[in-house]
Amino acid sequence: MRYELLRILRSRRFVILALGFPLVLFYLIAGPNRNVTDIGNTGLSAPLFYMVGLAAFGTMNAMMSSGARIASERAVGWNRQLRITPLSTREYFRAKVATGYVMSLLSLALLYVAGATLGVSIPAGDWVRMTLLILIGLIPFAAIGVLLGHLLTPESVGPTLGGMTALFAFLGGVWFPITSGTLHQIAEILPSYWLVQAAHVGVGGQGWDSRGWITVAVWAVGAAALARRAYRRDTMRV
């Protein structure tokens, strides 16, 4: 786990792309609207509205990016090499998830600081509750990233992860609220919708009801089971 974290943090290109993109996007969108105090009749300032939205998007993007690293390792046979070591499947997954959480926490911290520079102010209790709920909501995306990394090639994993992240963000309500109709019914069965609801705790949201906890749990368990199966099949292949 230690070497996995060091390897990720030493990859300047990856760190810049994974952490810098949401930050640049925030300043591009919220910066010109920093003086807007009631965006879209929501009663929220533009920097606050976009900060919580990009908190969901940025952490989801950082967490799922583990799939790209896994696909690259598979291409050189590193995963099969690990199978002849004492490293267990549990420890392997633990290291991958830990690195994803480190990147997600760094993304959150940068967005929080960026929001503060544009005047965002949230009660301390809401900061803590929002962050904890976001971290729980990221569990399914950790498993999805590992799963895709073991199913896709280095050439296809990038576009797939980018497309899935964009689709999850759109249907989850990152860019605009989804409150009614068929689209809302679809959104409620996706983990990204509840990740966005976790981020909205920072703007007065109530967090999750029982549907949210059940949806996140089902996606987490299902994706983790598929990821474990894909890992075993991939590493045992001759």
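**Close-up views of a predicted model**

**View 1. A nonpolar patch on the surface, and the residues Phe170 and Leu183 within it.** In this predicted model, a nonpolar patch on the surface is formed by Phe170, Trp175, Phe176, Leu183, Ile186 and Ile189, which together have about 510 Å² of accessible area. Phe170 has its place in helix H9, and with a relative accessibility of 37% this residue counts as partly exposed. Apart from residues up to four places away in sequence, Phe170 touches Trp175, Phe176 and Ile178, of which Trp175 and Phe176 are also members of the patch. Although Phe170 and Ser192 are 22 residues apart in sequence, their C-alpha atoms are 8.9 Å apart in space. Another member of the patch, Leu183, is found in helix H10, which covers residues 181-187; Leu183 counts as partly exposed, at 32% relative accessibility.

View 2. The largest nonpolar core holds 57 residues, and the members that touch the most others are Phe26, Met51, Met64, Met130, Ile134, Leu138 and Phe141. Two or more residues come from each of helices H2 (12-30), H3 (46-64), H6 (89-117), H7 (124-137), H8 (139-151), H9 (154-172), H11 (191-199) and H12 (210-236). Of these elements, H3 gives the most to the core, with 12 residues. In soluble globular proteins, nonpolar side chains tend to be buried together.

**View 3. The surroundings of Leu138, a residue of the largest core.** Leu138 is among the residues of the largest nonpolar core that touch the most other members. When its neighbours within four places in sequence are left aside, Leu138 is in contact with Thr59, Met60, Met63, Tyr101, Ser104 and Leu195.

**View 4. Helix H7, its span and its buried residues.** Helix H7 has 14 residues, which at 1.5 Å a residue should span 20 Å, and the C-alpha atoms at its ends are 20 Å apart, in agreement with that expectation. The buried residues of H7 are Trp127, Met130, Thr131, Leu133, Ile134, Leu135 and Gly137. Two of these, Met130 and Ile134, are also listed among the residues of the largest core that touch the most other members.

**View 5. The salt bridge between Arg94 and Glu91 in helix H6.** The count of salt bridges in the model comes to 3, and one of them joins Arg94 to Glu91, with the closest N and O atoms 3.1 Å apart. Because Arg94 and Glu91 are 3 residues apart in helix H6, the two are separated by about one helical turn. Both partners are partly accessible by the computed values: Arg94 counts as partly exposed at 41% relative accessibility, and Glu91 counts as partly exposed at 34%.

**View 6. A network of salt bridges that links Glu188, Asp209 and Arg211.** Glu188, Asp209 and Arg211 are linked in a network of salt bridges. Glu188 forms a salt bridge with Arg211, in which the closest N and O atoms are 2.9 Å apart. Since Glu188 lies in the loop between H10 and H11 while Arg211 lies in helix H12, this pair ties together parts that are 23 residues apart in sequence. Arg211 also meets Asp209 through their side chains in a salt bridge, at 2.8 Å from N to O. Side chains of opposite charge can pair when their charged atoms come close.

View 7. Ser66 lies in helix H4, residues 66-75, and counts as buried at 2% relative accessibility. With neighbours within four places in sequence left aside, Ser66 is in contact with Ala142, Gly145 and Val146. Ser107 lies in helix H6 and counts as buried at 1% relative accessibility. Not counting residues up to four places away in sequence, Ser107 touches Leu19, Pro22, Gly58 and Thr59; Thr59 is also one of the contacts of Leu138. Ser107 and Ser156, which are 49 residues apart in sequence, are 25 Å apart in space from C-alpha to C-alpha.

Technical notes. Residues numbered from 1 in each chain as written. Predicted model: local features only at pLDDT ≥ 70, side-chain atom pairs only at ≥ 80, totals over all residues. Heavy atoms only, no water. Core = buried A, V, L, I, M, F, W, Y, C linked by side-chain atoms within 4.5 Å. Buried < 20%, exposed > 50% of the residue type's maximum accessible area, 1.4 Å probe, protein only. Helix = DSSP H or I, 4+ residues; strand = E, 2+ residues; numbered from the N terminus. Contact = heavy atoms within 4.5 Å. Patch = residues over 30% accessible without salt bridge, like charges linked within 9 Å, V, L, I, M, F, W, Y side chains within 5 Å. Areas by Shrake-Rupley, 256 points an atom, 1.4 Å probe, with all protein chains shown as cover. Salt bridge = Lys/Arg side-chain N within 4 Å of Asp/Glu carboxyl O. Expected span 1.5 Å × (residues − 1).
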